Amino acid sequence: MTSYSHSNEPLILIVEDEAGLLALLSRAFRKAGREARGVSSGAEALEFLRENQVGLMVLDLGLPDITGQELIEALREQGRQIPFIVMSGMNDVRLTVKMMREGALDFVLKDSNFLELVVPVVQRVLEGLEVRRKFDETEVRFRQISETINDVFWLMGPDHSQYLYVNPAFEKIWGTPANALLEDRELWSNAIVAEDRSKYLQATEELWSGEREDYNVIYRIRDAGGQLRWINDRGYARRDQSGQLIRFIGVATDVSDQKALEGQVLEATENERIRIGQDIHDDLCQRLAALKLKCSLIQASVSGSPEKQKELLAEASSDLQQATTLARGIAKGLSPVSLEAEGLMHALGELAEVTASRFGISCRFDCPDPVSVPNSTVATHLFRIAQELVNNAAKHAGPKEIQIGLHEHEGGIQLEVSNDGMPFQKSESSRRGMGLHFIQFRADSIGAGLSFIPGEIPEGGTRVLCTLANL
(Lines give C-alpha, C1' and ligand atoms only; values in the text may rest on other atoms or scores of the structure.)
Protein backbone atom coordinates (compact mmCIF):
# COMPACT_ATOMS: atom_id res chain seq x y z
CA MET A 1 0.00 0.00 0.00
CA THR A 2 1.32 3.45 -0.94
CA SER A 3 0.49 6.98 0.03
CA TYR A 4 0.27 10.21 -1.94
CA SER A 5 1.37 12.19 1.14
CA HIS A 6 5.05 13.15 1.04
CA SER A 7 5.08 14.55 4.56
CA ASN A 8 4.07 13.38 8.01
CA GLU A 9 0.65 14.99 7.52
CA PRO A 10 -2.26 12.54 7.16
CA LEU A 11 -3.75 12.33 3.67
CA ILE A 12 -7.32 13.60 3.20
CA LEU A 13 -9.48 11.80 0.63
CA ILE A 14 -12.38 13.89 -0.70
CA VAL A 15 -15.23 11.81 -2.16
CA GLU A 16 -17.40 14.30 -4.08
CA ASP A 17 -19.12 13.85 -7.49
CA GLU A 18 -19.39 17.58 -8.27
CA ALA A 19 -16.11 18.50 -10.01
CA GLY A 20 -16.19 22.20 -9.16
CA LEU A 21 -16.78 21.64 -5.44
CA LEU A 22 -14.13 18.90 -5.43
CA ALA A 23 -11.57 21.34 -6.84
CA LEU A 24 -12.56 24.05 -4.34
CA LEU A 25 -12.22 21.64 -1.40
CA SER A 26 -8.84 20.35 -2.59
CA ARG A 27 -7.54 23.92 -2.92
CA ALA A 28 -8.92 24.95 0.50
CA PHE A 29 -7.30 21.99 2.29
CA ARG A 30 -3.94 22.55 0.58
CA LYS A 31 -4.08 26.23 1.53
CA ALA A 32 -4.59 25.12 5.14
CA GLY A 33 -1.43 23.01 4.87
CA ARG A 34 -3.13 19.67 4.40
CA GLU A 35 -2.47 16.98 1.79
CA ALA A 36 -5.68 16.19 -0.12
CA ARG A 37 -6.74 14.00 -3.05
CA GLY A 38 -10.15 13.72 -4.64
CA VAL A 39 -12.34 11.09 -6.31
CA SER A 40 -15.83 11.42 -7.74
CA SER A 41 -17.48 8.03 -7.09
CA GLY A 42 -17.75 5.23 -4.61
CA ALA A 43 -15.90 2.81 -6.90
CA GLU A 44 -12.98 5.24 -7.29
CA ALA A 45 -12.91 5.73 -3.51
CA LEU A 46 -12.70 1.97 -2.89
CA GLU A 47 -9.93 1.61 -5.49
CA PHE A 48 -7.97 4.53 -4.02
CA LEU A 49 -8.31 3.20 -0.48
CA ARG A 50 -7.01 -0.23 -1.56
CA GLU A 51 -3.76 1.37 -2.72
CA ASN A 52 -3.24 4.24 -0.28
CA GLN A 53 -3.18 5.08 3.41
CA VAL A 54 -5.71 7.75 4.27
CA GLY A 55 -5.92 9.74 7.48
CA LEU A 56 -9.45 11.12 6.96
CA MET A 57 -12.20 10.74 4.35
CA VAL A 58 -14.51 13.69 3.61
CA LEU A 59 -17.53 11.86 2.21
CA ASP A 60 -20.48 13.16 0.19
CA LEU A 61 -23.53 11.02 0.89
CA GLY A 62 -25.01 11.44 -2.61
CA LEU A 63 -22.64 9.66 -5.02
CA PRO A 64 -23.58 8.61 -8.57
CA ASP A 65 -22.96 4.87 -8.14
CA ILE A 66 -23.49 4.09 -4.44
CA THR A 67 -24.55 6.06 -1.39
CA GLY A 68 -22.08 7.21 1.21
CA GLN A 69 -23.61 4.78 3.68
CA GLU A 70 -23.10 1.87 1.26
CA LEU A 71 -19.46 2.90 0.84
CA ILE A 72 -18.95 2.76 4.60
CA GLU A 73 -20.62 -0.66 4.76
CA ALA A 74 -18.37 -1.96 1.93
CA LEU A 75 -15.29 -0.81 3.80
CA ARG A 76 -16.54 -2.44 6.98
CA GLU A 77 -17.01 -5.77 5.13
CA GLN A 78 -13.36 -5.51 4.02
CA GLY A 79 -12.29 -5.01 7.63
CA ARG A 80 -11.30 -1.40 6.93
CA GLN A 81 -12.04 1.39 9.39
CA ILE A 82 -11.32 4.77 7.82
CA PRO A 83 -12.05 7.88 9.94
CA PHE A 84 -14.60 9.99 8.06
CA ILE A 85 -16.85 13.01 8.19
CA VAL A 86 -19.92 13.39 5.99
CA MET A 87 -21.27 16.30 3.97
CA SER A 88 -24.75 16.58 2.49
CA GLY A 89 -27.04 19.11 0.93
CA MET A 90 -29.98 17.73 2.93
CA ASN A 91 -30.54 19.08 6.42
CA ASP A 92 -31.99 15.81 7.74
CA VAL A 93 -31.60 15.23 11.46
CA ARG A 94 -32.42 11.54 11.17
CA LEU A 95 -29.77 11.10 8.48
CA THR A 96 -27.22 12.95 10.60
CA VAL A 97 -27.90 10.74 13.63
CA LYS A 98 -27.77 7.61 11.46
CA MET A 99 -24.35 8.47 10.03
CA MET A 100 -23.02 9.39 13.45
CA ARG A 101 -24.05 5.92 14.61
CA GLU A 102 -22.16 4.51 11.62
CA GLY A 103 -19.03 6.17 12.96
CA ALA A 104 -18.96 9.63 11.37
CA LEU A 105 -16.79 12.04 13.33
CA ASP A 106 -18.77 15.10 12.19
CA PHE A 107 -21.48 16.29 9.76
CA VAL A 108 -21.22 19.41 7.58
CA LEU A 109 -24.23 20.83 5.75
CA LYS A 110 -23.64 22.07 2.18
CA ASP A 111 -25.08 25.54 2.54
CA SER A 112 -23.80 29.04 1.81
CA ASN A 113 -21.24 28.82 4.67
CA PHE A 114 -20.03 25.36 3.74
CA LEU A 115 -16.54 26.28 2.49
CA GLU A 116 -15.95 28.47 5.54
CA LEU A 117 -16.99 25.71 7.93
CA VAL A 118 -15.59 22.54 6.41
CA VAL A 119 -11.88 23.40 6.75
CA PRO A 120 -12.04 24.21 10.52
CA VAL A 121 -14.12 21.05 11.04
CA VAL A 122 -11.55 18.91 9.24
CA GLN A 123 -8.69 20.59 11.15
CA ARG A 124 -10.39 19.88 14.47
CA VAL A 125 -11.13 16.26 13.57
CA LEU A 126 -7.54 15.64 12.41
CA GLU A 127 -6.14 17.17 15.61
CA GLY A 128 -8.43 14.93 17.63
CA LEU A 129 -7.31 11.88 15.66
CA GLU A 130 -3.66 12.77 16.28
CA VAL A 131 -4.29 13.06 20.02
CA ARG A 132 -6.06 9.70 19.96
CA ARG A 133 -3.20 8.13 17.98
CA LYS A 134 -0.61 9.34 20.47
CA PHE A 135 -2.79 8.17 23.33
CA ASP A 136 -3.16 4.73 21.73
CA GLU A 137 0.61 4.48 21.26
CA THR A 138 1.16 5.48 24.87
CA GLU A 139 -1.40 2.95 26.06
CA VAL A 140 0.27 0.20 24.02
CA ARG A 141 3.67 1.03 25.50
CA PHE A 142 2.12 1.24 28.97
CA ARG A 143 0.53 -2.20 28.63
CA GLN A 144 3.72 -3.70 27.22
CA ILE A 145 5.61 -2.50 30.29
CA SER A 146 2.96 -3.08 32.95
CA GLU A 147 2.09 -6.58 31.76
CA THR A 148 5.68 -7.79 31.91
CA ILE A 149 6.80 -6.39 35.28
CA ASN A 150 6.59 -8.47 38.46
CA ASP A 151 5.11 -5.63 40.53
CA VAL A 152 1.36 -5.06 40.73
CA PHE A 153 0.40 -1.81 38.99
CA TRP A 154 -3.09 -0.38 39.52
CA LEU A 155 -5.21 2.60 38.49
CA MET A 156 -8.29 4.10 40.15
CA GLY A 157 -10.55 6.95 39.09
CA PRO A 158 -10.88 10.09 41.23
CA ASP A 159 -13.95 8.65 42.98
CA HIS A 160 -11.85 5.59 44.04
CA SER A 161 -14.98 3.43 43.76
CA GLN A 162 -13.28 0.68 41.76
CA TYR A 163 -10.05 -0.28 40.08
CA LEU A 164 -9.86 0.82 36.45
CA TYR A 165 -6.82 -1.30 35.64
CA VAL A 166 -4.58 -3.83 37.33
CA ASN A 167 -1.83 -5.75 35.56
CA PRO A 168 -1.46 -9.57 35.46
CA ALA A 169 1.10 -9.54 38.30
CA PHE A 170 -1.86 -9.30 40.70
CA GLU A 171 -2.78 -12.90 39.94
CA LYS A 172 0.84 -14.01 40.43
CA ILE A 173 1.00 -12.48 43.93
CA TRP A 174 -2.60 -12.53 45.23
CA GLY A 175 -3.47 -15.76 43.41
CA THR A 176 -6.70 -14.20 42.13
CA PRO A 177 -7.44 -13.20 38.50
CA ALA A 178 -6.88 -9.50 37.86
CA ASN A 179 -10.34 -9.16 36.27
CA ALA A 180 -11.93 -10.27 39.54
CA LEU A 181 -10.40 -7.25 41.30
CA LEU A 182 -11.96 -4.93 38.72
CA GLU A 183 -15.36 -6.30 39.72
CA ASP A 184 -14.75 -6.44 43.48
CA ARG A 185 -12.20 -3.97 44.87
CA GLU A 186 -12.46 -5.52 48.35
CA LEU A 187 -10.47 -8.56 47.18
CA TRP A 188 -7.33 -6.49 47.74
CA SER A 189 -7.91 -5.50 51.37
CA ASN A 190 -9.65 -8.76 52.33
CA ALA A 191 -6.39 -10.63 51.66
CA ILE A 192 -4.48 -8.48 54.17
CA VAL A 193 -4.02 -10.18 57.54
CA ALA A 194 -6.20 -8.72 60.27
CA GLU A 195 -3.31 -7.26 62.30
CA ASP A 196 -2.08 -5.21 59.30
CA ARG A 197 -5.36 -4.22 57.66
CA SER A 198 -5.96 -1.12 59.77
CA LYS A 199 -2.76 0.64 58.68
CA TYR A 200 -3.55 -0.06 55.02
CA LEU A 201 -7.11 1.25 55.40
CA GLN A 202 -5.90 4.34 57.25
CA ALA A 203 -3.29 5.10 54.59
CA THR A 204 -5.73 4.70 51.69
CA GLU A 205 -8.49 6.71 53.38
CA GLU A 206 -6.05 9.57 53.94
CA LEU A 207 -5.09 9.38 50.26
CA TRP A 208 -8.72 9.32 49.07
CA SER A 209 -9.63 12.28 51.30
CA GLY A 210 -6.69 14.42 50.19
CA GLU A 211 -5.08 14.43 53.63
CA ARG A 212 -1.94 13.08 51.99
CA GLU A 213 -0.66 12.89 48.41
CA ASP A 214 0.97 9.47 48.71
CA TYR A 215 1.49 6.54 51.06
CA ASN A 216 4.05 3.80 51.53
CA VAL A 217 3.01 0.90 53.76
CA ILE A 218 4.25 -2.63 54.31
CA TYR A 219 1.80 -5.36 55.28
CA ARG A 220 1.17 -9.07 55.01
CA ILE A 221 -1.39 -10.86 52.87
CA ARG A 222 -2.52 -14.44 52.53
CA ASP A 223 -2.78 -15.33 48.87
CA ALA A 224 -5.49 -17.57 47.45
CA GLY A 225 -3.38 -20.63 48.31
CA GLY A 226 -2.96 -19.58 51.95
CA GLN A 227 0.70 -18.56 51.64
CA LEU A 228 1.81 -15.58 53.70
CA ARG A 229 3.43 -12.81 51.64
CA TRP A 230 4.95 -9.43 52.52
CA ILE A 231 3.79 -6.51 50.35
CA ASN A 232 5.32 -3.05 50.00
CA ASP A 233 2.45 -0.92 48.70
CA ARG A 234 2.87 2.64 47.37
CA GLY A 235 -0.05 4.79 46.26
CA TYR A 236 -0.11 8.27 44.71
CA ALA A 237 -2.63 10.95 43.79
CA ARG A 238 -2.19 12.35 40.28
CA ARG A 239 -3.38 15.86 39.45
CA ASP A 240 -3.44 18.00 36.31
CA GLN A 241 -1.74 21.38 35.96
CA SER A 242 -4.65 23.14 37.65
CA GLY A 243 -4.42 20.84 40.68
CA GLN A 244 -7.56 18.89 39.77
CA LEU A 245 -7.44 15.23 40.84
CA ILE A 246 -7.48 12.98 37.77
CA ARG A 247 -6.65 9.51 39.11
CA PHE A 248 -4.95 7.40 41.77
CA ILE A 249 -2.10 5.08 40.82
CA GLY A 250 -0.05 2.62 42.80
CA VAL A 251 2.58 -0.11 42.76
CA ALA A 252 2.68 -3.11 45.09
CA THR A 253 5.84 -5.21 45.36
CA ASP A 254 6.23 -8.68 46.85
CA VAL A 255 9.08 -8.25 49.37
CA SER A 256 8.70 -11.65 51.04
CA ASP A 257 12.23 -12.78 50.13
CA GLN A 258 13.67 -9.51 51.39
CA LYS A 259 11.77 -9.83 54.68
CA ALA A 260 12.96 -13.40 55.13
CA LEU A 261 16.55 -12.28 54.60
CA GLU A 262 16.12 -9.38 57.02
CA GLY A 263 14.79 -11.77 59.63
CA GLN A 264 17.76 -14.08 59.17
CA VAL A 265 20.21 -11.18 59.47
CA LEU A 266 18.46 -9.85 62.56
CA GLU A 267 18.37 -13.28 64.17
CA ALA A 268 22.07 -13.84 63.43
CA THR A 269 22.90 -10.43 64.91
CA GLU A 270 20.87 -11.10 68.02
CA ASN A 271 22.43 -14.55 68.43
CA GLU A 272 25.88 -12.99 68.21
CA ARG A 273 24.96 -10.43 70.87
CA ILE A 274 23.71 -13.20 73.12
CA ARG A 275 26.90 -15.18 72.58
CA ILE A 276 29.08 -12.17 73.44
CA GLY A 277 26.96 -11.45 76.51
CA GLN A 278 27.25 -15.03 77.70
CA ASP A 279 31.02 -15.01 77.13
CA ILE A 280 31.37 -11.83 79.17
CA HIS A 281 29.22 -13.25 81.94
CA ASP A 282 30.73 -16.74 82.01
CA ASP A 283 34.37 -15.82 81.43
CA LEU A 284 35.29 -12.19 82.04
CA CYS A 285 32.98 -11.66 84.99
CA GLN A 286 34.22 -14.84 86.64
CA ARG A 287 37.84 -13.81 86.15
CA LEU A 288 37.16 -10.34 87.60
CA ALA A 289 35.36 -11.86 90.57
CA ALA A 290 38.27 -14.24 91.20
CA LEU A 291 40.76 -11.37 90.95
CA LYS A 292 38.72 -9.29 93.38
CA LEU A 293 38.68 -12.20 95.82
CA LYS A 294 42.45 -12.57 95.58
CA CYS A 295 42.89 -8.85 96.28
CA SER A 296 40.71 -9.23 99.36
CA LEU A 297 42.79 -12.20 100.55
CA ILE A 298 46.01 -10.28 99.97
CA GLN A 299 44.59 -7.31 101.83
CA ALA A 300 43.67 -9.53 104.78
CA SER A 301 47.06 -11.26 104.78
CA VAL A 302 49.05 -8.04 104.93
CA SER A 303 49.62 -7.50 108.62
CA GLY A 304 51.89 -4.91 110.02
CA SER A 305 52.43 -3.47 106.58
CA PRO A 306 52.23 0.20 105.98
CA GLU A 307 48.75 1.61 105.82
CA LYS A 308 49.43 2.87 102.29
CA GLN A 309 49.62 -0.70 100.95
CA LYS A 310 46.34 -1.62 102.58
CA GLU A 311 44.75 1.50 101.12
CA LEU A 312 45.96 0.68 97.59
CA LEU A 313 44.71 -2.89 97.85
CA ALA A 314 41.34 -1.63 99.06
CA GLU A 315 41.09 0.71 96.07
CA ALA A 316 42.07 -2.10 93.69
CA SER A 317 39.42 -4.33 95.23
CA SER A 318 36.82 -1.55 94.86
CA ASP A 319 37.78 -0.93 91.22
CA LEU A 320 37.46 -4.62 90.45
CA GLN A 321 34.05 -4.69 92.11
CA GLN A 322 32.88 -1.80 89.91
CA ALA A 323 34.36 -3.44 86.79
CA THR A 324 32.56 -6.67 87.63
CA THR A 325 29.28 -4.82 88.11
CA LEU A 326 29.78 -2.98 84.81
CA ALA A 327 30.66 -6.19 82.93
CA ARG A 328 27.58 -7.93 84.33
CA GLY A 329 25.46 -4.98 83.21
CA ILE A 330 26.90 -5.14 79.69
CA ALA A 331 26.35 -8.88 79.58
CA LYS A 332 22.77 -8.43 80.74
CA GLY A 333 22.16 -5.79 78.07
CA LEU A 334 23.52 -8.02 75.33
CA SER A 335 21.50 -11.02 76.48
CA PRO A 336 18.52 -9.61 78.42
CA VAL A 337 16.13 -12.57 78.13
CA SER A 338 16.95 -15.93 79.64
CA LEU A 339 16.33 -19.08 77.65
CA GLU A 340 13.47 -20.18 79.91
CA ALA A 341 9.94 -19.87 78.49
CA GLU A 342 9.06 -17.29 81.16
CA GLY A 343 12.29 -15.34 80.70
CA LEU A 344 10.50 -12.47 78.94
CA MET A 345 8.37 -11.74 82.00
CA HIS A 346 11.44 -11.51 84.25
CA ALA A 347 13.29 -9.32 81.74
CA LEU A 348 10.36 -6.89 81.39
CA GLY A 349 10.04 -6.71 85.17
CA GLU A 350 13.72 -5.78 85.46
CA LEU A 351 13.29 -3.22 82.65
CA ALA A 352 10.55 -1.50 84.67
CA GLU A 353 12.76 -1.40 87.78
CA VAL A 354 15.79 -0.05 85.91
CA THR A 355 13.67 2.59 84.13
CA ALA A 356 12.13 3.81 87.38
CA SER A 357 15.56 4.08 88.98
CA ARG A 358 17.26 5.68 85.99
CA PHE A 359 14.66 8.32 85.12
CA GLY A 360 13.05 8.87 88.53
CA ILE A 361 9.51 8.13 87.33
CA SER A 362 6.95 5.47 88.07
CA CYS A 363 7.34 2.46 85.77
CA ARG A 364 5.24 -0.64 86.40
CA PHE A 365 5.11 -4.06 84.80
CA ASP A 366 1.65 -5.62 84.58
CA CYS A 367 1.38 -9.34 83.84
CA PRO A 368 -1.42 -10.82 85.99
CA ASP A 369 -1.15 -14.30 84.45
CA PRO A 370 2.00 -16.15 83.39
CA VAL A 371 2.80 -15.67 79.69
CA SER A 372 5.08 -18.26 78.17
CA VAL A 373 7.20 -17.43 75.11
CA PRO A 374 9.19 -20.58 74.34
CA ASN A 375 10.90 -19.09 71.27
CA SER A 376 13.89 -17.15 72.61
CA THR A 377 14.28 -15.16 69.38
CA VAL A 378 10.68 -13.93 69.55
CA ALA A 379 11.08 -13.15 73.25
CA THR A 380 14.23 -11.13 72.62
CA HIS A 381 12.59 -9.10 69.84
CA LEU A 382 9.59 -8.35 72.06
CA PHE A 383 11.92 -7.23 74.84
CA ARG A 384 13.88 -4.96 72.48
CA ILE A 385 10.61 -3.43 71.24
CA ALA A 386 9.50 -2.75 74.80
CA GLN A 387 12.94 -1.39 75.72
CA GLU A 388 12.96 1.08 72.81
CA LEU A 389 9.38 2.21 73.47
CA VAL A 390 10.06 2.74 77.16
CA ASN A 391 13.26 4.68 76.52
CA ASN A 392 11.57 6.82 73.85
CA ALA A 393 8.70 7.66 76.19
CA ALA A 394 10.99 8.45 79.12
CA LYS A 395 13.28 10.67 77.03
CA HIS A 396 10.78 12.50 74.80
CA ALA A 397 7.25 12.37 76.25
CA GLY A 398 7.96 13.68 79.77
CA PRO A 399 5.65 11.17 81.48
CA LYS A 400 4.92 10.73 85.15
CA GLU A 401 4.18 7.06 84.68
CA ILE A 402 5.02 4.34 82.16
CA GLN A 403 3.29 0.98 82.21
CA ILE A 404 4.47 -2.22 80.52
CA GLY A 405 1.88 -4.92 79.97
CA LEU A 406 2.17 -8.51 78.75
CA HIS A 407 -1.00 -10.56 78.18
CA GLU A 408 -2.30 -13.53 76.26
CA HIS A 409 -4.41 -12.34 73.32
CA GLU A 410 -6.62 -14.48 71.06
CA GLY A 411 -4.26 -17.43 70.94
CA GLY A 412 -1.18 -15.21 70.80
CA ILE A 413 0.27 -12.51 73.02
CA GLN A 414 0.08 -8.75 73.22
CA LEU A 415 2.77 -6.43 74.51
CA GLU A 416 1.57 -2.99 75.59
CA VAL A 417 3.62 0.08 76.53
CA SER A 418 1.66 3.13 77.64
CA ASN A 419 2.56 6.49 79.17
CA ASP A 420 0.76 9.61 80.35
CA GLY A 421 3.12 12.11 78.73
CA MET A 422 2.89 14.06 75.50
CA PRO A 423 1.01 12.14 72.79
CA PHE A 424 2.96 10.58 69.96
CA GLN A 425 2.80 12.52 66.67
CA LYS A 426 3.10 10.84 63.27
CA SER A 427 5.70 13.33 62.09
CA GLU A 428 7.95 12.68 65.07
CA SER A 429 9.26 9.35 63.83
CA SER A 430 11.68 11.01 61.41
CA ARG A 431 13.00 13.37 64.08
CA ARG A 432 13.62 10.68 66.68
CA GLY A 433 16.26 8.87 64.68
CA MET A 434 16.16 5.21 63.75
CA GLY A 435 14.65 3.88 66.98
CA LEU A 436 11.06 3.67 65.79
CA HIS A 437 12.14 2.26 62.45
CA PHE A 438 13.95 -0.55 64.24
CA ILE A 439 10.83 -1.18 66.34
CA GLN A 440 8.81 -1.69 63.16
CA PHE A 441 11.63 -3.76 61.69
CA ARG A 442 11.68 -6.10 64.70
CA ALA A 443 7.89 -6.37 64.74
CA ASP A 444 7.90 -7.27 61.04
CA SER A 445 10.60 -9.88 61.53
CA ILE A 446 8.41 -11.88 63.94
CA GLY A 447 5.13 -11.18 62.12
CA ALA A 448 3.71 -8.90 64.79
CA GLY A 449 1.35 -5.99 64.24
CA LEU A 450 2.24 -2.59 65.68
CA SER A 451 -0.33 0.09 66.57
CA PHE A 452 0.14 3.58 68.02
CA ILE A 453 -3.02 4.72 69.81
CA PRO A 454 -3.63 8.13 71.43
CA GLY A 455 -4.08 7.85 75.19
CA GLU A 456 -7.48 8.12 76.81
CA ILE A 457 -6.47 10.69 79.44
CA PRO A 458 -7.18 14.43 79.00
CA GLU A 459 -3.47 15.34 78.99
CA GLY A 460 -2.71 13.02 76.10
CA GLY A 461 -0.42 10.02 76.45
CA THR A 462 0.16 7.15 74.08
CA ARG A 463 -0.54 3.42 73.99
CA VAL A 464 1.53 1.18 71.76
CA LEU A 465 0.29 -2.35 71.10
CA CYS A 466 2.49 -5.06 69.65
CA THR A 467 0.28 -8.03 68.80
CA LEU A 468 1.58 -11.43 67.84
CA ALA A 469 -1.23 -13.64 66.59
CA ASN A 470 0.44 -17.05 66.71
CA LEU A 471 3.42 -18.25 68.70
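Tutor: Strand E13 is joined to strand E15 (residues 460–468) by seven bridges, and the two run antiparallel. Helices (H or I, at least four residues) and strands (E, at least two) are DSSP runs, numbered from the N terminus, and two strands pair if DSSP finds at least two bridges between them. The model is predicted: local features need pLDDT of at least 70, side-chain atom pairs count only at pLDDT 80 or more, and totals for chains, interfaces and linings use all residues. Residues are numbered from 1 along each chain as its sequence is written, and side-chain values use heavy atoms, with hydrogens and water left out.

Strand E12 (residues 401–409) pairs with E13 in the antiparallel sense, over eight bridges. E12 and E13 form a hairpin with two residues between them. In that turn, Glu410 has a positive phi of about 50°.

Now for burial. Buried means under 20% relative accessible area, exposed over 50%, and partly exposed in between (1.4 Å probe, protein chains only). In a regular strand the side chains alternate between the two faces of the sheet. In E13 both faces are covered: Gly412, Gln414, Glu416 and Ser418 are buried on one side, and Ile413, Leu415, Val417 and Asn419 are buried on the other. Because eight of the eight residues of E13 (residues 412–419) are buried, the strand is largely enclosed by the rest of the structure.
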